[in-house]
Amino acid sequence: MIPRIRSKWAHRVRAASEVFFQRPTRALWAGVALLALVVLIGLVIPTGPLTIDQRWSEWMQDIQSSTLHHLALIFNYLGRGLGRALSLVAIGLILLLTRRWQALLAFAATETLTPLASNLLKHIVDRPRPANAMLHASGTSFPSGHAAYAGATTIALVLLFTHPGRPRLLWWTLAALTTAIMVWSRTYLQVHWLSDALTGALLGIGITLATFATAQLIPRTNPTP
């Protein structure tokens, strides 16, 4: 009788586990590969801009307009300070109120590790920002913390609020578009080189994939009934 009760309880616990990926092991290795790529880029990136960085920066200056400037400022606000805090608190509260503890832990870990890793790389690489920045930005340039936040958070939202067994193409597209706009905004405002922003996005995505896959793969301890 007792083994049967334990079996039923264990089944319920397993059923309640979060499923973020159909193949979490692949997602974990994809995240690790992205993080390794970021580290490699950090090791070889020069202090000065790459040729593509310089050309992209010049193009951003050529397309300056009031509309684009305001759009870039909106994304600048969303990726820092109050705008960033409000979005994180809102997502956290939703997970808290729905008692999705495993998802909340994965999300909290992602949003904690991403800025820590970004700031660590900034300190190690110590790449100067573009000289003609349109905003005051503290710290060094590589990688972009805004882009890392966008990559991490948009991917996390897809994993948190869609199911892997259903089509996710639309949501992946929206996540990619949002992250791309954040990458663009950092270069439009001349606070980062293109390579800084792209690598920041890869960093955030890599951390999210690795963190959520790990959360799904870790076996949950079955409580004693």
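Residues 24 or more positions apart account for 81% of the protein's contacts with a separation of 6 or more. The model behind this figure is predicted. The protein has 9 helices and 0 strands. Its C-alpha trace spans about 75 × 35 × 30 Å along the principal axes. Of the 225 residues, 41% are buried. The accessible surface comes to about 12,600 Å², and carbon and sulfur atoms hold 68% of that.

Start inside. The largest nonpolar core has 18 residues. Phe20, Phe21, Leu95, Phe107, Leu159, Leu160 and Phe212 touch the most other members. Four helices each supply at least two residues of this core: H5 (81-97), H6 (101-125), H7 (145-161) and H9 (194-217). H7 gives the most, with 5 residues.

Leaving aside neighbours within four places in sequence, Phe212 contacts Phe20, Phe21, Ala106, Phe107, Thr110, Ala156, Leu159 and Leu160.

Now the aromatic rings. The count of aromatic pairs comes to 3. Phe20 and Phe212 form one of them, with ring centres 4.9 Å apart. Their planes stand at 80 degrees, so the pair is edge-to-face. Phe20 lies in the loop between helix H1 (2-16) and H2, whereas Phe212 lies in helix H9, so the pair ties together parts 192 residues apart in sequence. Both Phe20 and Phe212 are buried.

Trp184 and Tyr188 also form an aromatic pair. This one is tilted, at 5.0 Å centre to centre and 40 degrees between the planes. Trp184 and Tyr188 sit 4 residues apart in helix H8 (residues 169-188), so about one helical turn separates them. How buried are these two side chains? Trp184 has a relative accessible area of 16%, so it counts as buried, the cut-off being under 20%. Tyr188 is buried too, at 0% relative accessibility.

Finally, the outside. Which residues form a nonpolar patch on the surface? They are Leu37, Val39, Leu40, Leu43 and Val44, with about 480 Å² of accessible area together. Leu37 belongs to helix H2 (residues 24-44). With a relative accessible area of 36%, Leu37 is partly exposed.

Note on methods:
Residues numbered from 1 in each chain as written. Predicted model: local features only at pLDDT ≥ 70, side-chain atom pairs only at ≥ 80, totals over all residues. Heavy atoms only, no water. Patch = residues over 30% accessible without salt bridge, like charges linked within 9 Å, V, L, I, M, F, W, Y side chains within 5 Å. Areas by Shrake-Rupley, 256 points an atom, 1.4 Å probe, with all protein chains shown as cover. Salt bridge = Lys/Arg side-chain N within 4 Å of Asp/Glu carboxyl O. Buried < 20%, exposed > 50% of the residue type's maximum accessible area, 1.4 Å probe, protein only. Core = buried A, V, L, I, M, F, W, Y, C linked by side-chain atoms within 4.5 Å. Contact = heavy atoms within 4.5 Å. Phe/Tyr/Trp six-rings, centres within 6.5 Å; stacked < 30°, edge-to-face > 60°.
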